[in-house]
Amino acid sequence: MRQLLGFTLCSAPMHLPVLPIRFRLSTLMLLAGAAVLLLLRRPAQSLMDHDEGYYAQQARWILETGDWLTVPWWEPIYDRTIGLQWLIASSYALFGVREGTARLPSTLASLGAIWLIYQIGRHCIGDRRAWWGAAILAVTPVWVQASRLATQDIPLVCVELFGLWALLQVEDHPKHRWQWGIAAGSSVGLAFLIKGFMAVLPVVAIMPYLVFTQRQQRHLTNPGLYGGLLLGCLPPGLWLGLSVNQYGWLPLEQLFGKLLHLSGEYVYATTPLYYLWNIPANGFPWPLFALAGLVLAFKQRTISRPWLFLGYPLILLLELAYFDTRTWYYPLQIYPFLALWAAVALVHLAKLYGQRDKSHRHLPLGLSYGLMGLALLLLIAGAVVVTMPEKLGDATLRPYGLLGLAGGVGWLLPGCISWRDRRSWPPRPELWLTGWLLGPGLILATLGLTGLWGNYAADLKAALQAPAVEQVLHNEPVYFVFTGSGTAEKTPILLTYYTPHPGERLDDLTHIPSRGYAWVDPKVELPLPAGYTQIGAARDWRLVQAP
């Protein structure tokens with residue numbers, strides 16, 4: 001099949017040329033800039049409610065008990081796989097137990113994913129557009145936020161992209177088909193170890209690419225690919241096998257039960273159209289550019305590997321939309337490709353910007369001046385909020401004013417460059433392109449430095465720093481009194497993590513040892529029985545001492 005969706009398919013593997021030194025240096029600079037952006041944060045940090053605290057505490061229990069087999073939450077609870085917890089526990093072992101080390105695996109995986117999508121993009125759209133695609137991903141808001149969280153999603157995306165990149169290495173290095181095929185196949189098992197059955201979705205999404213390029217690339221007849229699948233299944237298979245040996249059928253029952261739970265009901269009240277607004281909102285402005293890039297890709301018909309560049313993310317999006325549970329973080333698997341699509345549009349605009357014919361420059365110049373108008377509005381609004389927050393009725397608004405100032409300063413650059421270039425020649429399209437990324441980059445850096453991203457439970461940490469509470473937490477074991485597993489509630493998850501010496505989970509106040517301490521669920525015996533003393537409180541939970 002020579003033609004597919006109007007794109008020309010190569011009949012032989014395309015061997016990429018060795019990157020010039022300027023591209024290699026610019027790639028290192030891109031990764032260094034992305035690392036700085038991800039690591040810029042306010043010293044005061046606190047984990048996000050629920051998932052972050054859940055994984056961070058599970059990893060701490062793994063490290064403290066030395067039990068690297070059990071998925072713990074007071075008792076064995078195999079509602080998810082254990083790969084991320086292993087990564088966080090390893091980070092704890094190297095750098096200590098704190099929020100930053102819990103988030104380190106996601107940060108490193110994000111940098112790896114940025115490099116991988118650049119390498120994948122080189123095969124599909126060329127070096128220059130691939131570089132700008134990676135740069136766009138590095139300043140995509142939802143991507144940066146998720147890269148600062150101790151959750152499964154960014155490590156999962158990194159493993160998935162590694163598998164795709166390994167497939168391309170098979171095509172580039174036919175003499176090493178077995179080795180790279182093993183690497184590609186093994187990524188499936190590793191993805192399962194990180195996020196369970198979610199690893200199946202990218203396998204389904206990549207199948208059309210494997211089928212329609214079989215005549216040229218012969219992936220489906222590569223023994224290394226199947227050997228890699230078996231090899232990648234060894235770690236999760238061994239973990240599950242040992243877990244079943246220790247706990248019976250509980251691990252399998254809970255893993256499959258979680259899958260049926262998520263696929264059989266709306267855990268979050270959404271519709272199949274949820275991602276049509278969620279993705280543009282969380283990735284603004286790049287999904288809008290991505291739509292334009294998608295149109296250009298079909299119009300120009302010069303994109304290599306269309307079933308990878310276009311088909312894979314679109315099929316993945318359809319799978320996610322069909323799945324009944326829809327969240328903001330599931331599409332993180334798609335954003336790297338949206339960034340590449342956006343780069344197609346942005347680089348095309350830069351090409352028009354560099355034309356001598358003024359009629360070709362109307363669109364990029366109009367966008368530049370429009371962005372300059374938005375920047376001026378942000379500067380004015382930001383200055384008002386920063387200088388007069390009390391008059392607006394809320395002094396806590398000042399950090400949001402700083403966001404306006406940061407975005408305004410960054411997004412002034414394209415308009416200023418356009419104003420300068422209209423009277424001089426030659427224009428500077430690369431600097432003009434940089435200006436589009438500077439605004440989001442400064443906003444994201446400000447979100448980290450102000451603690452708006454990264455210090456998610458400041459109220460709870462402040463309550464725990466009360467002198468009486470802090471003294472108890474640091475010197476005494478503290479029990480937890482509540483019913484159920486506690487995995488569905490946010491506050492007890494964070495309290496467990498921020499309690500240095502958590503005791504056992506108890507069902508009743510009377511089970512607290514004499515003169516012992518416990519965090520007590522607000523639903524348990526309100527007011528307290530005679531003889532029980534309240535030492536402090538965090539949100540609606542009470543720190544109680546037994547008589």
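What is the volume of the second largest pocket? The views below come from a predicted model, in which local features need pLDDT of at least 70 and side-chain atom pairs count only at pLDDT 80 or more, while totals for chains, interfaces and linings use all residues. Residues are numbered from 1 along each chain as its sequence is written, and side-chain values use heavy atoms, without hydrogens and water.

**View 1. The second largest pocket.** Its volume is about 420 Å³, taken as the space filled by probe spheres set on grid points joined across faces, edges and corners. A pocket is an open set of points on a 1 Å grid over the protein atoms alone where a 1.4 Å probe fits, with protein on both sides within 12 Å along at least five of seven lines; lining residues have an atom within 4 Å of a point. Of the 17 lining residues, Leu-30, Trp-131, Ala-135, Thr-434 and Leu-437 are the closest to the pocket centre. Helices H1 (21–39), H5 (127–138) and H19 (429–450) each supply at least two lining residues; helices are DSSP runs of H or I of at least four residues, and strands are E runs of at least two.

**View 2. Surroundings of Asp-507.** Asp-507 lies in the loop between strand S6 (502–506) and strand S7 (517–520). Beyond its neighbours within four places in sequence, Asp-507 is in contact (heavy atoms within 4.5 Å) with Val-481 and Phe-482.

View 3. Strands S8 (residues 533–538) and S9 (residues 541–545) pair (at least two DSSP bridges) in the antiparallel sense over five bridges. Gly-536 stands opposite Leu-543 in S9. Two residues separate the strands of this hairpin, and Arg-539 takes a positive phi near 55°.
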